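Please keep the model open while you go through these notes.

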Amino acid sequence: MPYMPQKSDKFTFGLWTFGNPGRDPFGSETRVPPTPVEGVKKLSALGAYGVNFHDNDLIPFGSTANERDAIVKEFKTALSDYGLVVPMATTNLFSHPVFKDGAFTSNDPKVRAYALQKTINAIDLGVEFGAKIYVFWGGREGAEVDAGKDAVTATKRFRDALNFLAEYVKDNGYDLKFALEAKPNEPRGDIYLPTTGAMLGFISTLDYPEMVGVNPEYAHETISGLNFYHAVAQAIDANKLFHIDLNGQKVGRFDQDLRFGQEDYKTNFFLVKLLEDKGYTGPKHFDAHALRTSDVNDVWEFAKGCMRTYLILKEKAQKFNSDPEIQGILAELNSPDAIIDPLLTGGYSKAAAQQIRHLSLDPSELANKPLPYEKLDQLTFEVLTGVR
Ligand code: GCO
Ligand code: MN
Ligand code: MN
């Protein structure tokens with residue numbers, strides 16, 4: 001069947017994605033979502049590779065040790081029966097009121113300690129399920145009132161927590177990397193380190209930067225009107241794309257977490273093309289949920305749609321890459337120069353500086369080189385719409 005997901009596609013869903021009950025700030029649940037075990041069964045039939053969870057998606061907050069162990073056992077059996085893995089895990093540091101003013105960045109040392117305690121337990125849980133990536137999304141790490149929290153201190157506290165946890169992972173010999181997920185706002189008025197670029201800068205200030213990468217999310221850069229394709233490209237260039245959250249979002253709205261590809265086909269096309277062309281091998285996680293209007297059947301249509309859209313865009317990327325007219329234009333745009341290219345990539349030397357000073361370069365003539373972007377963009381549109 002065309003566009004049928006395979007395990008090798010590494011498509012994953014969070015338990016909280018198909019498990020979303022359709023609640024929003026204005027209204028209550030609209031459906032009874034599948035349980036984690038039901039979800040595993042269904043996702044496996046649809047061709048997914050794995051599931052991810054926050055500690056409390058699997059183990060409800062306040063469970064006893066016995067309850068925890070029983071849930072772990074049942075869920076492990078379901079994973080092995082249906083052949084799904086858990087590549088990523090994370091901590092819920094946002095739902096309980098204790099985190100209402102932040103977790104790692106709270107002004108209250110006891111809250112910060114509680115956040116560390118909860119995360120250590122959640123890391124153990126994730127590792128028990130074989131997770132290799134641990135996501136940090138600081139949903140409550142922000143403010144509405146900047147008078148109340150010093151932003152430099154907050155950044156330092158976030159760093160202290162990550163350094164501590166990295167040591168914890170090393171001390172226990174866990175094979176686990178961290179992926180930091182940026183978001184500009186929601187649920188806080190402003191969240192610290194609001195973009196993937198900000199996270200990349202922050203990572204270089206950590207004690208073990210090699211252990212830490214990013215988990216960019218389409219919706220999160222798009223809320224701010226930023227170009228997600230560019231954000232992911234920067235992460236790839238820095239060798240920091242450890243994980244990715246794919247979904248749909250309109251610019252400037254609340255965090256919609258729509259089905260992957262629901263909005264802006266072109267950006268999603270270049271995103272998929274980027275992941276495929278650059279050989280990204282990590283999980284492709286759909287951090288999205290079905291519309292509030294959906295019933296449970298439609299939730300599974302949502303999940304199928306996320307994977308199918310990715311595979312359709314992948315096919316379109318192959319078409320783009322093998323289209324002679326498009327490739328001809330790209331070759332023309334990128335035509336190399338045997339003398340100048342080595343000068344630009346060979347690094348600085350006094351001799352190179354001299355050579356560059358003496359190059360005969362006529363700016364007016366250079367400005368006349370044709371840039372047929374109108375044509376190229378129209379051809380892209382035609383590939384995407386199936387006209388080509
Ligand atoms: C959001 C976030 C979350 C995180 C998740 C993992 O939609 O606000 O993307 O879904 O990804 O909590 O930490
Ligand atoms: Mn989101
Ligand atoms: Mn996310």
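1. Some ground rules come first. Helices (H or I, at least four residues) and strands (E, at least two) are DSSP runs, numbered from the N terminus. This is a predicted model, where local features need pLDDT of at least 70, side-chain atom pairs count only at pLDDT 80 or more, and totals for chains, interfaces and linings use all residues. Residues are numbered from 1 along each chain as its sequence is written, chains are lettered from A and ligands numbered from 1 in the order in which they are written, and side-chain values use heavy atoms, with hydrogens and water left out.

2. On a 1 Å grid over the protein atoms alone, a cavity is a set of points where a 1.4 Å probe fits but cannot get out. A pocket is an open set with protein on both sides within 12 Å along at least five of seven lines. Lining residues have an atom within 4 Å of a point. Points are joined across faces, edges and corners, and a volume is the space filled by probe spheres set on them.

3. How many cavities of 30 Å³ or more does the whole structure hold? The search finds two. The largest cavity has about 90 Å³ of space. It is lined by 14 residues, and Gly138, Glu141, Ile191, Tyr192 and Met199 are the closest to its centre. Helix H6 (residues 151–171) gives the largest share of this lining, three residues.

4. Now sort that lining by class. Ala, Val, Leu, Ile, Met, Phe, Trp, Tyr, Cys and Pro count as nonpolar, Asp, Glu, Lys and Arg as charged, and the others, Gly among them, as polar. The largest cavity has eight nonpolar, three polar and three charged lining residues.

5. The second largest cavity holds about 70 Å³. Its lining includes Thr90, Phe104, Trp137 and Phe158. Gly138 and Glu141 are also among its lining residues. Strand S4 (residues 133–137) supplies the largest share, three residues. Seven of the lining residues are nonpolar, three polar and one charged.

6. Which pocket does ligand 1 take up? Ligand 1 sits in the largest pocket; to count, more than half of its atoms must lie within 2 Å of the grid points. This pocket has about 1,500 Å³ of space. Its lining has 45 residues, with Trp16, Asn20, Arg23, Asp257 and His289 nearest the centre. Helix H1 (15–18) gives the most, four residues. By class, the lining has 19 nonpolar, 13 polar and 13 charged residues.

7. Look at the ligand's own shell. Ligand 1 is surrounded by 14 residues (a heavy atom within 4 Å). The closest are His54, Glu181, Lys183, Glu217 and Asp287.

8. Check the side-chain distances to ligand 1. An oxygen atom of the ligand is 2.6 Å from an N or O atom in the side chain of His54. For the side chain of Asp257 the distance is 3.0 Å, and for that of Asp245 it is 3.2 Å. The protein covers 95% of the 330 Å² of accessible area (Shrake-Rupley method, 1.4 Å probe) that ligand 1 has on its own.

9. Two backbone details remain. Most residues other than glycine have a negative phi, and most peptide bonds are trans. Glu186 and Pro187 are joined by a cis peptide bond, with omega about 10°. Pro187 lies in the loop between strand S6 (177–181) and strand S7 (190–191). Lys10 has a positive phi, near 55°. Lys10 is in the segment before strand S1 (11–14).

Definitions and conventions: A polar contact is a pair of N or O atoms within 3.5 Å; within protein, one must be able to donate a hydrogen and the other to accept it, and residues adjacent in sequence count only if both atoms are side-chain atoms.
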